[in-house]
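Please open the model in your viewer and keep the sequence panel beside it.

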Amino acid sequence: MLLALLSLLFLLSCSNSRSVTSKKYVPFTRQLEQRLERDNIDLHQLQFYIDQGLVMSRYVGNEKAQVNAGVLKFENGQYINEVIIPSFTQGVCEDISNGKLMISFEKGNNDIAFGPGSGYSADEYVLYGTEWRNGTALITFDNNKFRVHCSTCTDVATARLMVKKSEIDKIEKKSRVVEGREVGK
């Protein structure tokens, strides 16, 4: 009984922490991008975040057991290169290409493509990948193909690009309305 109560309290504290954290952030959308462009705000200067945890993995042959990014694990007789990006990890925009933002969460040649989604997330910037299956996708990271899955959700397609609400509020505060001038005054 006591163990069940403690488990329930732990789960509630985790969910409250996540909801409090997520209230500080807003999704990066096409509308927001257009507003920033209109106000001449450089996207390279904006701090980005990802709202879900991502785990990227790829099989590595025995002869290529050294890796540049992530950790190397030995599982079921094979080496696996695994890179973990926790939810709300900071990222920067390295490049903008064909409507995609190339976001890097660490230095090096390891940016990840985000862009406008489809369906219910058509306006929000989500993870771009190929070969989608069972809630995972194939992406290029550190010049290698990785299978990425969501560690905090069931489908990596729901991983959204976010910005801090306070930064957006600062941008809005920079606008002002001029009163105009009368002739002779």
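Predicted model: local features only at pLDDT ≥ 70, side-chain atom pairs only at ≥ 80, totals over all residues.

Residues are numbered from 1 along each chain as its sequence is written, and side-chain values use heavy atoms, with hydrogens and water left out.

**The whole chain.** Begin with a cartoon view, where the protein shows three helices and 13 strands; these are DSSP runs numbered from the N terminus, with helices being H or I of at least four residues and strands E of at least two. Of the 185 residues in the protein, 34% are buried, where buried means under 20% relative accessible area, exposed over 50% and partly exposed in between, with a 1.4 Å probe and protein chains only. Among contacts between residues at least 6 apart in sequence, 59% join residues at least 24 apart, a contact being heavy atoms within 4.5 Å.

**The core.** Next select Phe28, Phe48, Met56, Leu101 and Ile112, which are the residues with the most contacts inside the largest nonpolar core, a set of 29 residues. A nonpolar core is here a set of buried Ala, Val, Leu, Ile, Met, Phe, Trp, Tyr and Cys residues joined through side-chain atoms within 4.5 Å. In soluble globular proteins, nonpolar side chains tend to be buried together. If you centre on Phe48 and leave aside its neighbours within four places in sequence, its contacts include Phe28, Leu43, Cys93, Leu101, Ile103 and Val163. One of these partners, Cys93, is buried at 4% relative accessibility.

**The largest pocket.** Now show the surface and look for the largest pocket, which holds about 240 Å³ of space. Of the 17 residues that line this pocket, the closest to its centre are Met102, Ala113, Tyr128, Ile139 and Thr140. Strand 7 (100–104), strand 8 (111–116) and strand 11 each give two or more residues to the lining, and strand 11 supplies the largest share, four residues. The pocket was found on a 1 Å grid over the protein atoms alone, as an open set of points where a 1.4 Å probe fits, with protein on both sides within 12 Å along at least five of seven lines; lining residues have an atom within 4 Å of a point. Its volume is the space filled by probe spheres set on the points, which are joined across faces, edges and corners.

**Two loops with positive phi.** Most residues other than glycine have a negative phi. Select Phe88, in the loop between strand 5 (78–85) and strand 6 (90–97), where phi is positive, about 65°, and the residue is buried at 13% relative accessible area. Then move to Asp142, between strand 11 (136–141) and strand 12 (144–150), which has a positive phi of about 55° and is buried at 15%.

How many disulfides does the structure hold? There is one, and it joins Cys150 to Cys153 with an S to S distance of 2.0 Å, a disulfide being a pair of cysteine sulfur atoms within 2.5 Å. The torsion about its S-S bond is about 120°, so the disulfide is right-handed. Cys150 is buried at 8%, whereas Cys153 is partly exposed at 22%. Finally, select Gln52, in the loop between strand 2 (48–50) and strand 3 (54–60), which is buried at 10% relative accessibility. The side chain of Gln52 makes a polar contact of 2.5 Å with the side chain of Thr152. Such a contact is a pair of N or O atoms within 3.5 Å; within protein, one must be able to donate a hydrogen and the other to accept it, and residues adjacent in sequence count only if both atoms are side-chain atoms.
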